[in-house]
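Dear colleague,

I am passing on the structure we spoke about, and below it you will find my notes. Please read them beside the coordinates.

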Amino acid sequence: MTKKYLLEIANYSNWADSAVIKWLEQISDEQWEKEIASSFNSIAKTAIHLVSAKKIWIDFWKNVANPAFLSARFTGTKSELIEIWKKTMDDYQDLIANYPEANYSQIISFKVRGKEWKMEFAQTVLHHNNHATYHRGQLVTMLRQVGFTGFSNTDLATYFVTGSVG
């Protein structure tokens, strides 16, 4: 795996996140908080989880002592979450851009629900992006259920062909 490839993955993730942020900025607080049956029972909780996961991976990659999920403590507004999300996107881009390619096979240790896991750095980047795509898809379904229809295409092929939100 090359730096160019991982940078492309990070660019895609941030491009798709930017589209989702634009959608979320258009919905009402009522739509944001409405209970919907899904992995997380509202658009708000799903978005918080998405940002929380992005932030915790950065902490894992930086080997931060005792990283904590944002979702465990976040009580802010949609606008506050979006600001955190945008900052996290920048942090993610910077980390991938500056991570030494020689360390892509470095083992990253992290805990999930109290259990220690180990994966290569490059594998964790791929996992992070796959996880984010999964939850962005859930957000599309949830947004449709609250009446939102102003979507743009966030498919990976669209990113590669257009390089911009289409």
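**Aromatic pairs and a buried serine**

W15 counts as buried, because its relative accessibility is 9% (buried means under 20% relative accessible area, exposed over 50%, partly exposed in between, with a 1.4 Å probe and protein chains only). This is a predicted model, in which local features need pLDDT of at least 70 and side-chain atom pairs count only at pLDDT 80 or more, while totals for chains, interfaces and linings use all residues. Residues are numbered from 1 along each chain as its sequence is written, and side-chain values use heavy atoms, with hydrogens and water left out.

The whole structure holds 16 aromatic pairs (rings of Phe, Tyr and Trp, the last by its six-membered ring, with centres within 6.5 Å; planes under 30 degrees apart are stacked, over 60 edge-to-face, the rest tilted). The rings of Y12 and W15 are 5.9 Å apart at their centres with planes at 40 degrees, so this pair is tilted. Y12 is also buried, at 8% relative accessibility.

W23 and F151 form an edge-to-face pair, with 4.9 Å between centres and 85 degrees between planes. W23 is buried at 2%, whereas F151 is partly exposed at 21%.

S13, at 0% relative accessibility, is buried as well. Its side chain makes polar contacts (N or O atoms within 3.5 Å, one able to donate a hydrogen and the other to accept it; residues adjacent in sequence count only if both atoms are side-chain atoms) with the side chain of K54 at 3.1 Å and with that of N129 at 3.2 Å.

Best regards
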